[in-house]
Amino acid sequence: MIPNSTDAGLDVVTFGEAMMMLVADRPGPLEQAQAFHKRTAGAETNVAIGLARLGLRVGWASRLGADSMGRYLLSEMQREGIDCSHVDCVPGQRTGMLFKGQVSDGSDPPIEYHRQGSAASRMGAQDIDGPWLCRARHLHATGVFAAVSPDTLALSRQTLALMRGAGRTISFDTNLRPSLWGSTEVMRREINQLASQADWVLPGIEEGLILCGERTPEGVAAFYLAQGARLVVVKLGPEGAYCEGTHAGQAVKAYVPGFPVEQVVDTVGAGDAFAAGVVSALLEGRAVLDAVRRGAWMGARAVQVLGDTEGLPSRAQLQEAGL
Ligand code: ADP
């Protein structure tokens, strides 16, 4: 348990789609893979797992199909100690899945999604248990679940409004999925609208150009600070991150370098690991620079493994690293 936790509720709640991920056993086009490794995937669930491994009390709300993939995902999340009391397995509906390729040059791997019409995509604002949500200290939301369907967008808007109304903190990872949106213009408008309701906004530098028309970390931070964010952390890949804003009465404006990595195995999941590091540390009352350092260390671990979650550290590993 972390400082300031209350017995009444969870530390963090997140809503999102989990998918079964099949990772190819060798580099090359997906269709040439002969065997696949089975893993969990999903931006929000990656963050939930990252937070739970550090001892935070995390709730994940979602829908799965009543199929073997759904049962696999549910048991994996429960094994991580995550509160899955608000996850429904719905007969007749399907769990989303994806294939991920391997690369040998550190570039982004090919990903093929099979998530359209999934059980999670049919969630909507009516699925929010407001009292359960608002007893939590914090909401973590991302641009992925908002992009899944018009109903999940409505749900995302509503969860942010409820938590904001309840005076809780909110982190938002812009996490763009252009192929899920009708147009770039709609994506920009909706993501920036959601970000305007969050306290801590975590965009990537390339996303900043699309969302804010800004090329520099300072420009991206200024855009979201002007929209109402209290803290903006711009992710810069291997270079680390830039943070600007105010937290616990302290103003901050600084670059935090990345942790050197010998070999990049898979870039996917770095942003989620980073978010888990930043959010956990801020909720523990750590200073912003410590939080961003923890995020950068966790992001660096994530790029050195094949799946999205096996690099996420335990509390003991974090302490060993002095973070
Ligand atoms: P996203 O996945 O959201 O685009 P990034 O790729 O910027 O985010 O990764 C998130 C964080 O993970 C970065 O801010 C950085 O701290 C860390 N990170 C990512 N890639 C590397 C890398 N190749 N070497 C070291 N750290 C990395």
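Reader: Hi! So two strands pair if DSSP finds at least two bridges between them. With that settled, which strand forms a hairpin with S11?

Author: That would be S12, and five residues lie between the two strands. Keep in mind that this is a predicted model. In the turn, Gly237 has a positive phi of about 60°.

Reader: Nice. How many bridges hold S11 and S12 together, and in which sense, parallel or antiparallel?

Author: Five bridges, in the antiparallel sense, with S12 covering residues 241–247. For a landmark, look at Val233, whose bridge partner in S12 is Cys243.

Reader: And how does S10 run against S11, parallel or antiparallel?

Author: Parallel: S10, residues 200–201, is joined to S11 by two bridges. Val201 has Val232 as its bridge partner in S11.

Reader: Is S11 largely enclosed or open, and why?

Author: Largely enclosed by the rest of the structure, because five of the five residues in S11 (231–235) are buried, meaning under 20% relative accessible area.

Reader: Which way do the side chains of S11 point?

Author: Leu231, Val233 and Lys235 go one way, while Val232 and Val234 go the other. In a regular strand, side chains alternate between the two faces of the sheet. Even Lys235 is among the buried residues here.

Reader: What covers the buried residues of H10?

Author: The cover includes S11 and S12, along with S13 (250–256), H9 (270–283) and H11 (315–320). H10 itself is mostly covered, with 11 of its 15 residues buried. Among those buried are Arg294, Trp297 and Met298, as well as Gly295 and Gly299.

Reader: Does the length of H10 agree or disagree with what its residue count predicts, and why?

Author: It agrees: at 1.5 Å a residue, the 15 residues of H10 (288–302) should span 21 Å, and the C-alpha atoms at its ends are 21 Å apart.

Reader: Changing topic: what is the strand order in the open sheet of four strands?

Author: S3-S2-S6-S7, with mixed pairing. S3 (36–41) and S7 (111–114) are the edge strands, each pairing on one side only. From one strand to the next, the twist averages 20°.

Reader: How do S2 and S3 pair?

Author: In the antiparallel sense, over six bridges, with S2 spanning residues 19–27. Ala24 stands opposite Phe36 in S3.

Reader: Last one: which helix lies across S2, S3 and S6?

Author: Helix H2, residues 68–79, and it runs at about 60° to S3.

Conventions. Residues are numbered from 1 along each chain as its sequence is written. This is a predicted model: local features need pLDDT of at least 70, side-chain atom pairs count only at pLDDT 80 or more; totals for chains, interfaces and linings use all residues. Side-chain values use heavy atoms; hydrogens and water are left out. Buried means under 20% relative accessible area, exposed over 50%, partly exposed in between (1.4 Å probe, protein chains only). Axes are lines fitted to C-alpha atoms, for helices over the stretch in contact, and angles run from 0 to 180 degrees between N-to-C directions. Contact means heavy atoms within 4.5 Å. The expected span of a helix is 1.5 Å times one less than its number of residues.
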